[in-house]
Structure formats: C-alpha cells, structure tokens
Amino acid sequence: GASYARKSICAHSGAHAPYDFLCCSSTIISSNCDNSVCWLMNGRGMAWMLQVHPDTYALVVSTENITLNAYLGNNRPMLVTNTLFRVGGAAVLLSNRRQERARAKYQLIHTVRTHRGASDRSYGCVTQEEDDAGHVGVSLSKELMSVAGEALRTNITTLGPLVLPLSEQLRFLATVVLKRVFRADVKPHIPDFTLALDHFCIHAGGRGVLDELERSLKLSAWHMEPSRMTLYRFGNTSSSSLWYELAYCEAKGRIKKGDRVWQIAFGSGFKCNSAVWKALRAVDAVAVGDAGSPWAQDVDVLPVHVPKVVPIDDDQASYKTAA
C-alpha cells in the first residue's frame with residue numbers, strides 16, 4: 001500500500017520558500033473570535049517570540065471553521081451561532097529582521113489585552129455546553145453586549161495613555177477624578193481616538209456590535225466603512241475579519257505613510273484585545289489589487305447602503321451605491 005509522511009506547516013513552508021535562516025517552529029492555537037490580536041500578546045505569543053528569537057519570521061494564520069461548533073439540536077439560544085458565522089481566513093507574515101523593514105508595510109507599536117474571566121457574568125456570557133439531548137453547541141447570553149461594553153471601556157482606559165494626545169488624557173483624567181474622588185454626577189469622558197488613530201478595524205461580529213462601537217467611540221461613517229463592508233461582503237468571519245478590514249483600507253488607497261491603524265477584537269472569556277499598527281509606507285491600491293486582494297472585484301462598487309430591514313420575500317431588493 002501507499003505510504004506518506006505528515007508534515008507540519010513549518011516543514012512545508014521551509015521546503016517551498018527560499019529562506020536561508022533558522023526556522024523555529026511553534027504553534028499557538030486559539031479558538032476565539034479575538035485570536036487575531038490574541039496571538040500577538042497571549043503569554044508566549046508571537047510578539048514575545050520575535051523579541052526572544054532574532055532574525056526570525058512568524059507566519060500567523062487566522063481562520064474561522066464553522067463546522068467545529070455547528071449545533072444540531074433544537075435549543076433556540078444555541079441555534080443562533082449557526083447563523084452568525086461564515087468561513088474565512090487570512091495569513092500574516094511577521095519578522096524582526098532589520099533588512100525586511102524596507103519592504104514591510106506595518107510596524108506593531110502597541111498591544112493591550114483585557115481579560116474579564118474573573119467575573120462570572122463575563123465568563124458565562126458565551127459558553128460551550130450540551131443541551132438536554134446531548135448536542136454540543138455554543139450558547140450566547142442576553143448580557144453579551146453589556147459585557148462587551150465593559151470590556152471595551154477597560155481596554156481603552158489602558159490604551160488611551162499610550163496613543164492619545166495630552167489634552168485628551170487630561171480631559172479623561174478630570175472626569176475620573178470628579179467621579180471617583182468628589183462623587184460628582186458627571187458622564188464619563190469618551191476620548192476622541194480619531195485625534196491619534198487614522199483607521200479602525202473593528203471585529204465584524206454583527207450589525208449590533210458595529211452600531212454600539214460607532215456610538216461609544218463617536219466614529220464617523222467613513223471610519224466604520226471597512227468594518228461594515230466586511231460584514232456585508234464576507235459576513236462574520238470571526239478573527240480573520242480584522243484582516244479583511246485592513247485589506248479594504250489598502251484596496252481603497254487609504255493607507256498613507258505614518259498612518260496608525262487600530263484593530264479591536266472581542267472573544268469569549270470575556271476578552272477585548274487591541275493592536276495598533278503604524279504604516280511604514282503608503283500602500284499602492286493598484287498593486288494590492290494585482291496581488292490578489294479579496295476586494296479586487298468589489299472595491300469599485302463599494303461602499304453600498306445596507307438597510308436595517310430587508311423583506312426576505314422581495315426578490316427585487318437591491319442595495320444602492322452610497323453617494
């Protein structure tokens with residue numbers, strides 16, 4: 001009979017790529033919607049590995065496999081996840097080699113991880129469990145949006161001092177002092193992150209998630225466009241949606257040298273993770289399209305207006321191109 005050898009991704013990459021450096025193989029698996037950002041900072045993640053191992057490449061593959069958690073039962077709260085996700089995937093090559101800076105597109109400058117697993121309310125808002133018939137699935141709590149908001153506030157409280165100008169930091173600090181020290185009844189100040197960040201790649205977990213983030217962070221329709229068009233075109237591809245969104249910014253010719261990109265991801269636990277990248281050069285939209293961008297066929301007709309409600313029995317329903 002025929003025989004074959006099973007090889008790792010690292011082995012295949014080394015055999016087909018003309019790399020003359022030492023290949024350090026390590027696999028980090030995270031089955032969460034936030035794993036695109038999680039692998040950058042989680043324990044001995046990729047950022048840690050690149051600090052420890054000089055002259056190294058790190059290949060990061062982010063994907064959503066909906067078959068793993070497909071629910072076959074009849075429990076309605078657990079059926080919801082069957083309609084939320086779509087298969088998607090992206091790969092990113094990182095390196096700490098000095099000679100690669102000339103052709104690198106981005107530099108990772110900040111990562112912030114918020115984990116609220118110590119709270120029973122946060123931990124239990126997304127759980128994998130069995131129904132009465134023994135079918136395994138994922139159950140979503142009605143408190144999910146509230147928990148996500150709390151995790152986001154904690155995350156931006158840490159990220160703010162790293163990226164915001166001093167004027168915004170002082171305003172934020174003043175409201176905190178008034179509220180906590182003087183017990184004043186004042187609304188918390190939401191910093192204007194558009195003063196420090198140019199592009200926003202927000203986890204496309206659903207329209208409700210994007211609407212809440214747009215309201216909370218006071219973002220414009222232009223800032224939300226990459227996330228909304230990713231959700232419209234590809235659906236909720238979980239962790240890989242962040243890279244579809246960044247690819248949208250590139251395909252539209254938005255990325256200029258010095259621009260800062262904020263990626264925001266959410267995941268069960270409950271977690272909220274942020275990564276801030278700095279563009280080392282302007283990204284040529286034409287070159288990106290020729291290189292096989294996922295947006296190459298659609299970039300000229302996007303963005304489109306996506307109505308909140310569409311009749312499911314109306315075959316003539318169409319989306320009008322936004323002005």
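**Ground rules**

This is a predicted model: local features need pLDDT of at least 70, side-chain atom pairs count only at pLDDT 80 or more, and totals for chains, interfaces and linings use all residues. Residues are numbered from 1 along each chain as its sequence is written, and side-chain values use heavy atoms, with hydrogens and water left out.

**Stop 1: the whole chain**

Show the cartoon. The chain has 11 helices and eight strands. These are DSSP runs, numbered from the N terminus: helices are H or I with at least four residues, strands are E with at least two. Now colour by burial. Of the 323 residues, 39% are buried. Buried means under 20% relative accessible area, exposed over 50%, and partly exposed in between (1.4 Å probe, protein chains only). Accessible areas come from the Shrake-Rupley method with a 1.4 Å probe; for residues, only the protein chains shown count as cover. Contact means heavy atoms within 4.5 Å. Among contacts with a separation of 6 or more, 70% join residues 24 or more positions apart.

**Stop 2: the cores**

Select Phe 193, Ile 202, Leu 217, Trp 262, Ile 264 and Phe 266. They have the most contacts inside the largest nonpolar core, which has 27 residues. Such a core is a set of buried Ala, Val, Leu, Ile, Met, Phe, Trp, Tyr and Cys residues joined through side-chain atoms within 4.5 Å. Which elements give two or more residues to this core? They are helix H6 (144-163), S6, helix H8 (207-217), S7 and S8. H6 gives the most, with seven residues. Apart from this core lies another, of 18 residues, among them Leu 50, Val 92, Cys 201 and Ile 255.

Zoom in on Trp 262. Beyond its neighbours within four places in sequence, Trp 262 contacts residues including Ile 156, Leu 159, Phe 193, Cys 201, Leu 217 and Val 276.

**Stop 3: a buried glutamate**

Select Glu 250, in helix H10 (residues 241-251). Is Glu 250 buried or exposed? Glu 250 is buried, at 7% relative accessible area. Leaving aside neighbours within four places in sequence, Glu 250 touches Lys 105, Tyr 106, Ile 255, Val 283, Ala 285 and Val 288.

**Stop 4: a nonpolar patch**

Select Leu 166, Leu 170, Leu 173, Val 177, Leu 178, Val 181 and Phe 182. Together they make a nonpolar surface patch of about 680 Å². Val 177 sits in helix H7 (residues 166-180). Val 177 is partly exposed, with a relative accessible area of 32%.

**Stop 5**

Most residues other than glycine have a negative phi, and most peptide bonds are trans. Look at the exceptions here.

- Asp 55 has a positive phi of about 50 degrees. Find Asp 55 in the loop between helix H3 (46-52) and strand S1 (57-64).
- Arg 183 has a positive phi near 55 degrees. Arg 183 lies in the loop between H7 and strand S6 (199-202), and is exposed at 69%.
- Gly 269 to Phe 270 is a cis peptide bond, omega near 5 degrees. Phe 270 is in the loop between strand S7 (260-267) and strand S8 (271-279).
- Leu 302 to Pro 303 is also cis, with omega about 10 degrees. Pro 303 is in the segment after helix H11 (285-290).

Terms used
Patch = residues over 30% accessible without salt bridge, like charges linked within 9 Å, V, L, I, M, F, W, Y side chains within 5 Å. Salt bridge = Lys/Arg side-chain N within 4 Å of Asp/Glu carboxyl O.
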